Amino acid sequence: MSVRRIGLLAAALASMFACKPARPPASAGQAAQGASEPRGARVLVEPGAGPVLELRFVIDGGSRDDPRGREGLSHVMLTSMLEGSAGGISYPERARLLYPMAAALSGYVGREQTVLVARVHRDHVAAFYPLLRGVLLEPAFDAVDVDRVRTRALSSLTQDLRGADDEELGKQTLQAMLYEGGSREHPELGTESGLSTIRAPDASAHWARLVCARRMSVALSGPLPEGLLAQLRADLAGLERSACAAAESPVAARARSGRRVWIVDKPEAQSVAISIGIPIDVTRSHPDHAALTLAAAYLGQHRTFAGRLMQAMREQRGLNYGDYAYAEHFEQDGESRFPLPNVARREQYFSIWVRPVRVEHAHFALRAALYELARFLEEGLSEADFARIQTFAQRYYALYAQTEQQRLGYSLDDLFYERSAPYLEELRATFAALTREQLRAAVARHLSLDRVQIAIVAPHASRLADALVEDAPSPITYSSEKPPELLKEDERIAAHPLQLVREQISIIPVTDIFH
Amino acid sequence: MRRCCSFLLSCALAFFLAPGSHAQVGPFAEPPKVTRLDNGLSVVTLTWPSPGIVAYFTLVRVGARDEVEKGHSGFAHLFEHMMFRGTKRFPKDVYEQRIQELGADNNAYTTQDFTLYTLTGPAAALADMVELEADRFQHLSYDEQTFRTETGAVLGEYNKSAASPFLKMWEALSELAFARHTYGHTTIGYLADVLAMPEKYAYSQAFFRRFYTPDNTWIVVAGDVAHADVVKLVKAHYAGWRGKRDQPAIPVEREPSEGAQKHLDWDGIASPQLLIGYRAPAFDGGGGAAPARDPGAGAARETGVDARSAARDQNGELAARRSALRETAALEVVHGLLFDRSSPLYQELVVEQQLLLDLSSWTDNFSRDPGLFVVHAELSPRARFDQIQERVQAAVDALARGADEERVRAVRSHLSYGFTMNVETASDAADAFSQFLGVSGREQALAEYLAALAQVSAADVAGVAARYLARQRRFSITLAPRAVEHTKAGAP
């Protein structure tokens with residue numbers, strides 16, 4: 001439920017490049033898969049019935065590949081490709097060429113994947129393709145473009161992330177905790193010092209390392225004119241150069257720390273944002289992934305009322321707008337309630353998202369979330385609840401891939417996670433086959449409160465820190481009558497021990513975070 | 001005369017043929033199928049390929065616009081929340097359980113003009129969905145405790161949005177631009193009113209009776225279902241629904257004779273921003289009128305009006321509407337011409353001169369009553385508000401003197417292809433259709449709008465720029481962090 005103004009004809013976000021005559025196609029095959037030869041780009045051609053040619057490129061690499069001291073470089077690189085000169089054509093000229101087609105040429109950078117989305121109506125494929133090709137193969141990385149992109153990224157980090165979106169700030173802070181010391185620590189946007197240092201030659205060199213056939217997977221569907229696929233394969237095969245290196249394993253986070261709390265001190269905040277996370281060894285290629293996903297659905301399926309946290313915190317207590325749980329890193333796809341594909345990680349985390357609560361309820365709300373989590377870990381869920389969530393998830397997940405780009409994205413994530421069976425189908429089938437005991441066992445294997453990391457964005461951070469350490473009861477009052485059972489439970493929640501010592505709590509001024 | 005109407009309409013549609021399909025309207029291969037029940041409830045089915053999935057949306061034409069009583073802003077939105085709180089037959093836990101059993105995606109949103117309930121699930125479960133929806137739209141029932149608790153969630157929604165300076169800017173702009181009309185407050189409402197909501201249980205219940213009536217409601221279905229099946233189910237479950245929509249007197253906003261500007265200090269981190277709203281016309285010229293019953297569509301009935309005078313009214317009405325839609329479509333083209341990333345203004349201000357970090361405008365911001373044409377700019381440190389405002393106005397004024405025909409065609413092409421490309425799922429289709437229906441009350445609105453768009457000329461574009469994007473119609477909000485002295489435009 002939300003307020004929204006009408007946003008019907010979404011503007012195509014595109015950066016555009018001008019046409020350049022296509023090179024004569026090289027041999028159309030992919031590189032031979034000899035032991036000493038790098039693999040070529042992987043190309044998945046999927047069936048698609050609509051009038052739109054959909055392409056999705058995923059590069060194995062993202063912000064985890066930002067060189068030390070140049071945090072944000074992957075983001076700057078991709079954005080400079082999309083919003084800068086390429087193939088001898090300026091960004092404005094490209095924009096003018098692509099605009100009437102309403103074609104999309106956009107993308108985003110994740111920790112471990114960089115995504116380029118290309119969508120064009122069949123009427124315009126021939127005119128569009130050279131522009132796409134230019135972005136991938138011949139971005140110019142002119143200093144004027146890179147500097148502009150960098151400046152804007154710096155503003156997005158220092159103004160928007162720090163200043164205008166406490167929920168995202170909380171989530172990024174959590175990730176900084178979970179991945180501290182490793183190459184996934186910093187936000188995709190980068191850090192203030194990293195962005196300040198980046199220059200055009202850095203972006204160009206990064207492209208040379210990252211945008212390589214051996215790191216590229218492409219999925220496409222829709223109307224394919226004669227010869228286009230061969231042209232695409234040939235162009236992808238051309239993405240090889242001496243700077244290319246196979247994707248390295250991202251530097252793992254240092255040994256998982258015990259429980260910690262980071263509070264981002266934001267004096268002007270009118271409410272408190274909370275994100276809770278537990279590092280786990282489970283990704284989509286792990287047999288326990290489905291069980292943990294079902295557990296997350298039980299605790300808090302994203303933006304539904306199915307979850308226990310949503311019921312306890314919002315529905316029964318009106319504490320906030322929503323409370324959800326996730327068994328892998330999650331980003332919402334636009335305004336839908338479904339996840340964006342291709343934000344994959346090789347190191348995942350289980351998390352709880354508590355949407356902003358009133359300042360005076362923050363201590364109670366944090367306890368409530370941890371209380372529910374602790375209860376779940378100790379007691380599991382009832383047979384009735386298990387049956388309910390099992391049926392729900394099995395059916396609801398049928399809605400996860402309704403758009404072509406989502407479908408392509410899932411196929412590409414299957415490559416990333418080295419899965420042989422299509423993810424969503426297998427997930428739903430596994431939901432159906434799971435037993436309550438199996439779910440409990442999986443949860444016991446992977447989730448523990450010992451390693452819980454808590455990120456909070458709040459005003460009066462030191463006051464909150466003192467309260468957390470003191471661990472005194474933090475009761476709340478309501479503007480309405482509540483059932484006695486709920487009030488009894490409130491007493492337990494209000495007294496739920498956090499058992500934190502001051503050393504486990506760090507306070508970071510909002511002006512310093514991601515410096 | 002009735003023949004004449006439909007002839008004109010089909011001409012307009014034919015002008016916009018997509019290759020190979022006579023009835024094609026944008027992404028829709030066929031016109032909507034419409035049935036109106038005796039109680040006024042309308043059922044619309046959109047043909048949309050979507051195997052196994054159906055979007056069963058319910059559109060209620062009530063929004064922030066209808067919140068005429070002081071101290072009661074945000075109630076349409078609050079009420080949207082209350083619609084999920086159950087009935088006697090299906091108390092909220094049971095309702096929620098049943099939705100989960102279907103594996104349905106169930107949500108809603110509220111705008112200034114309408115509230116849309118978006119239920120998407122398996123086509124095989126249509127009968128269950130109709131039963132559940134029919135029950136809550138007719139028999140919603142929640143106690144005061146539940147109401148008070150849910151106001152907490154609404155406050156939570158306000159709070160999560162309030163982290164961004166944008167909410168404050170939009171609130172200030174609305175107030176500045178509309179001294180009388182209810183567009184003067186935001187859909188989520190003033191914080192003071194949100195904080196006072198727990199005490200307004202009785203008011204919320206009255207809201208249901210006043211606005212959740214069959215004559216004010218459309219069921220919009222898209223996906224793997226047949227109209228006849230939908231109608232049969234709807235008739236079985238909603239036929240007993242009674243009520244007539246309340247018609248609060250919505251204050252009419254006078255045409256502006258001069259614009260205004262206001263500066264906001266932001267306590268915290270933010271880049272300086274400028275939000276401009278030009279007073280713009282209503283989507284199809286309609287104002288506070290009751291939902292139009294268009295005799296040209298589906299199975300509507302005349303209600304005791306003699307055919308000839310109805311026909312005369314129809315012609316006048318039709319001409320006025322076409323003219324209004326043409327202006328709306330022309331303004332939509334202005335958005336693309338002036339503020340898209342491909343526009344000269346964007347390229348100058350954002351790319352070349354880097355005076356702005358970003359520049360955008362609110363496309364498809366259609367409204368039932370005269371609303372706003374909105375432009376948003378994020379300033380880089382060395383830019384000044386007055387400077388940016390003047391650059392925007394200069395671009396607008398240049399357009400008012402004459403638009404380039406080829407560029408107008410490029411925007412029209414962008415809009416029509418964009419529509420097709422961005423309406424993909426059954427939910428997208430139902431949503432797109434409902435938005436047009438919500439601001440107009442007419443099932444033909446989307447088709448008529450696209451037909452108008454196909455005819456927009458450079459002269460039309462220059463005309464609306466001159467008529468509506470003039471200084472005396474311009475309202476602006478500037479915002480900057482309190483510590484920064486940012487040469488506020490208009491400051492002494």
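This is a predicted model: local features need pLDDT of at least 70, side-chain atom pairs count only at pLDDT 80 or more; totals for chains, interfaces and linings use all residues.
Residues are numbered from 1 along each chain as its sequence is written, and chains are lettered from A in the order in which they are written. Local features need pLDDT of at least 70, side-chain atom pairs count only at pLDDT 80 or more, totals for chains use all residues, and side-chain values use heavy atoms, with hydrogens and water left out.

Chain B contains 16 helices and eleven strands; these are DSSP runs, helices being H or I with at least four residues and strands E with at least two, numbered from the N terminus. Of its 492 residues, 64% count as buried, that is, under 20% relative accessible area with a 1.4 Å probe, protein chains only.

The largest nonpolar core has 80 residues, and B:Val333, B:Leu359 and B:Phe373 are among those with the most contacts inside it. Such a core is a set of buried Ala, Val, Leu, Ile, Met, Phe, Trp, Tyr and Cys residues joined through side-chain atoms within 4.5 Å. Helix α10 of chain B (residues 307-339) gives the most to this core, with nine residues. Another core, of 73 residues, lies apart from it and includes A:Ala291 and A:Val443.

In chain A, six strands form an open, mixed sheet in the order β9-β10-β8-β11-β7-β12. Strands pair if DSSP finds at least two bridges between them. The edge strands β9 (323-326) and β12 (505-509) of chain A each pair on one side only. Within this chain, β8 (residues 271-280) and β11 (residues 453-458) are antiparallel over five bridges, and A:Ser275 stands opposite A:Ala455 in β11(A).

Technical notes:
Buried means under 20% relative accessible area, exposed over 50%, partly exposed in between (1.4 Å probe, protein chains only).
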